[in-house]
Amino acid sequence: MGNYYNPVKIKIASLEVIGNVLNNLNPQLSKIVLLTRGGDFSESQAGQTLYKCLEGFEVKQLEVEISNPDVEDLFHYFQQINHFDYQCIVGIGGGSVLDLSKSLSALKNMEIDSTSALRSVIEQKLYKENPNIVPWIGIPTTSGTGSEVTCWATIWDRANGVKMSVDSEKLYAHTAIIDPTLTASLPKSLTASTALDALCHATEAYWSKNSNEISRVYSLEAIHSIVNHFEKVLNHPTEVTLRKEIALGSLYAGLAFSNTRTTACHSISYPLTLELGMVHGIAASITLAKVMEINFDSIIENDKLLQAFGVSSCSEIQELIEHFHQLSGFSSKLRDYKANEEIIETIAGNAFTKGRMDNNPVALTKEDVKQILLSIY
Ligand SMILES: [Fe+2]
């Protein structure tokens with residue numbers, strides 16, 4: 001039994017459909033905030049195409065040079081657009097750009113005069129009552145975060161060493177445009193780490209306490225697609241048909257976990273990233289097989305999960321993930337990220353994110369987490 005809900009209009013199409021999307025959203029639309037990655041985006045083909053499509057609008061562009069946005073970063077961008085009466089936000093980029101787009105759509109016209117005021121707005125979820133939330137459109141340029149089809153955004157609070165979340169059903173994108181050609185120039189490490197993130201979203205959604213008949217179908221399809229095309233896409237990065245398979249895998253994973261959220265692997269990944277600087281997709285996938293071993297008997301139709309991975313045991317999944325890490329130039333051992341016993345103790349203590357760890361089908365203790373971490377030390 002279960003309920004499935006996701007209101008995002010999904011277009012698997014060329015970026016050029018943005019003109020029609022904006023017109024359908026609101027024929028009177030005139031002012032848009034455009035969030036893009038920094039670097040050479042403006043000169044890129046995608047940048048040029050987008051500017052052409054947006055020629056008839058008044059556009060304020062924010063170039064996002066950072067990744068993993070912090071509450072201070074969000075305040076910085078908020079200040080830059082707060083006096084521009086935008087009716088819509090378009091975000092084109094990786095998870096950080098999409099998470100910022102989503103967060104800024106939630107904060108429009110709110111009276112926030114400092115980073116600490118913004119921190120309170122997020123902690124107390126005051127944006128949920130904001131009557132001025134504007135629609136946003138997500139155009140992912142990586143295949144992994146799923147932010148274009150989820151209703152939450154990760155905002156870090158490094159000053160306090162915690163991860164925060166901007167989260168409301170009002171924050172689903174109006175439309176997600178999935179154009180796999182946008183991912184064709186991604187470097188190997190980013191292709192791999194984002195695909196592994198999506199693989200974790202799909203797998204954790206499958207065993208989540210909130211999984212349901214529909215989310216599990218998306219999970220299995222996502223896992224199958226990502227596992228079968230991972231190595232191929234690393235070997236043939238410009239092959240658009242392979243990029244499309246990974247993009248669809250990521251999209252299905254997003255649709256699965258948009259309804260279930262993630263579980264222990266993501267919960268443990270946050271302190272792994274904060275303490276060891278590990279890339280998100282690696283931090284999440286490094287414990288995937290170990291957590292699966294613990295969860296295995298509680299997983300509904302666990303045989304289908306193994307089948308989707310094309311294996312017959314959790315230890316084979318460990319080998320598969322290690323193989324994927326190795327292909328992409330990442331280590332599967334915490335010692336290579338400068339972990340030590342003291343840091344592992346801290347990570348285990350901080351691995352219990354509300355809404356994530358308690359969504360795992362088996363209740364883990366701090367000692368369990370420590371044992372998982374030591375087993376991959
Ligand atoms: Fe993730």
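Domain bounds come from an automatic or database domain assignment. Residues are numbered from 1 along each chain as its sequence is written. Keep in mind that this is a predicted model, in which local features need pLDDT of at least 70, side-chain atom pairs count only at pLDDT 80 or more, and totals for chains, interfaces and linings use all residues.

View 1. Domain 1 covers 9-181 and domain 2 covers 187-375. Their C-alpha centres are 26 Å apart. Along its principal axes, the C-alpha trace of the chain spans about 55 × 45 × 45 Å. The radius of gyration, taken over C-alpha atoms, can be set against a globule rule of 2.2 Å times the number of residues to the power 0.38. For 377 residues a compact globule would be near 21 Å, so the 20 Å of this chain agrees.

**View 2. Here the two domains meet.** Count a contact when the C-beta atoms of two residues, placed from the backbone, lie within 7 Å. By that rule, 13 residues of domain 1 are in contact with 22 residues of domain 2. On the side of domain 1 that touches domain 2, there are 3 nonpolar, 8 polar and 2 charged residues. Here Ala, Val, Leu, Ile, Met, Phe, Trp, Tyr, Cys and Pro count as nonpolar, Asp, Glu, Lys and Arg as charged, and the others, Gly among them, as polar.

**View 3. Now look at the open sheet.** Helices (H or I, at least four residues) and strands (E, at least two) are DSSP runs, numbered from the N terminus. Two strands pair if DSSP finds at least two bridges between them. The order of the 6 strands is β1-β8-β5-β4-β2-β3, with parallel pairing. At the edges sit β1 (9-12) and β3 (58-64), each pairing on one side only. From one strand to the next, the twist averages 15°. Zoom in on β5 (residues 136-140) and β8 (residues 175-178), and you will find 2 bridges joining them. G138 has A176 in β8 as its bridge partner.

**View 4. Two helices, α3 and α5, pack together.** Axes are lines fitted to C-alpha atoms, for helices over the stretch in contact, and angles run from 0 to 180 degrees between N-to-C directions. Helix α3 (residues 71-81) packs on helix α5 (residues 115-123) at about 105°, with the axes 9 Å apart. Angles of 65 to 115 degrees count as roughly perpendicular, so α3 is roughly perpendicular to α5. V71, E72, L74, F75 and F78 in α3 meet T115, L118, R119 and I122 in α5.

Technical notes. Angles under 35 degrees count as roughly parallel, over 145 as roughly antiparallel, 65 to 115 as roughly perpendicular and the rest as oblique.
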